[in-house]
Amino acid sequence: MKRLPLAVLMALFLGWLLWTVSLRQAALFAVGIGLGAVLAGKRFGFTTGWRMLIEDKDPSGVFGQLLLLALAAAMAMPLLGHFPELTAALGPPSISLLVGAFVFGLCMQIADGCGSGTLYKAGMGIPMNTAILPLFAIGSFLGSLHLGWWLDLGRAAPVGLVTVWGWDAALAATLAGLALVAAGVSLYCKRSNLQAGIAPKPLFVRKWVVGAVLLAMLATANLLIAGQPWGVVYGFGLWAAKVANATGAVDLSHNWFWSQPGNAARLQETVLLDVTSITNIGILAGALWVSAGKPASAKPLTGTQWAVALVAGLVLGYSSRLAFGCNVGAMFSGISTGSIHGWIWVPLAFAGTIFGLRIRRRFGF
C-alpha cells in the first residue's frame, strides 16, 4: 500500500477513536504513530545499538540511547515531582527481575529485536519479526501466569528515586550515572579500536541523535497523556490474555497477576481503552507508513534458523514479563523516571546479550 491511502486510513481510524472512544486514546494513537515512524525511519534499535558496541566497538548506538535516557529523564523527573498523579515505571528488585533481564538480553539478539524492535519491524513487514510478534505475546502472557510464583522466590519493594530524593537530586544522580556509563563506553571503544589498529568511531551519529531527541519528546507526551511512562510488553500480554479469557482456555479469575483490580478490569474492556495497546497499534501503523511501498529487506532463513528464532521469540515474551518490561518499559522508562529496577535490568540484560550474540553467530544469523 502506498503512503497516501495508508495515511487516509490512519486519519480515519484516528477520527473514529476520537468520536467513539476518547480524546486521550486518539492522542495516544497519534503518539504511537510518531514513535513507530521514528523507530522505523531512523532504525533506532536498542538491540542493534548493543550489538554494534560488542561486535564492532562502535559506540554511536549506545550513545544515542544514553542521550535518549538523559533527555527523557530531564523532562520526566520534574513532571513526576510536580504532578503526583503521574506515575513512574516502578518494578520490584527481585529474583524474577534478575533472571528475566538476563534471559531477555540473550533472546533479543537471537530474535533481532526487543519489544519495540519486534513491534516496529513487524510493522515494516520483516518476516521473522512478524512471525515472532504473536509468539512474543503468548510468551508475555505465560510469564504473567507464573509471575506470582517468581516473586515468591524473593523480592524487595520498588524504589523510585524521585519519591525518595526529590526530582532534582534524582535527576542529578541519573545524569551522573549516565555520564559514567558514557565515559566507560568511550574508553572501551577507544582502546579496543586502537589495539585493532582501527580509527576510533564517532560517538554521535546524526540518525541516532535525531532519533533520541524525537523519541524523548514523544515519550514525554505519552507520560503526560497516559499518566504513565511508555511501555510495550504489557499490551502484548494483554492481547493474548484476552484471547485466552474469551475462549475459556485458562481461568484467570484466581491468577495472581490477572486478578489484580486494574488487570482484571482491562480483561473486560476493549483493548482500545488500554493505553499501552493503543500506543502499540500506533507504532505498527507508523512503521507501516514509513516502509510503505518499500520491499522488506531481510535475508532468507534456514529451517533451523526459523526454529531457533521462533523459540527465542516465545522466551523473549516470557522473560519480558518477569523483568517488568523490555528495553523500553524496564530500561528506558525505568531509568528515565527514577526506578532502581531499570539500573538493575541493564547490566543483567547486557550480560545476556553477550551470550545471545554467541548463539546468534553459532546459528549463522
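Residues are numbered from 1 along each chain as its sequence is written. In this predicted model, local features need pLDDT of at least 70 and side-chain atom pairs count only at pLDDT 80 or more, while totals for chains, interfaces and linings use all residues, and side-chain values use heavy atoms, with hydrogens and water left out.

Student: Which residue forms a salt bridge with Arg51?
Tutor: A salt bridge here is a side-chain nitrogen of Lys or Arg within 4 Å of a carboxyl oxygen of Asp or Glu. The closest N and O atoms of the pair that includes Arg51 are 3.0 Å apart, and the partner lies in the loop between helix H5 (95–110) and helix H6 (115–123). That partner of Arg51 is Asp112.

Student: Is Lys121 buried or exposed?
Tutor: Lys121 forms a salt bridge with Asp112, their closest N and O atoms being 3.3 Å apart. Buried means under 20% relative accessible area, exposed over 50%, and partly exposed in between, with a 1.4 Å probe and protein chains only. Because its relative accessibility is 5%, Lys121 counts as buried.

Student: How many salt bridges does a search of the whole structure find?
Tutor: Among them is the bridge of Asp274 with Arg266, whose closest N and O atoms are 3.6 Å apart. Arg51, Asp112 and Lys121 are linked in a network of salt bridges. For the whole structure, the search finds four.

Key. Helix = DSSP H or I, 4+ residues; strand = E, 2+ residues; numbered from the N terminus.
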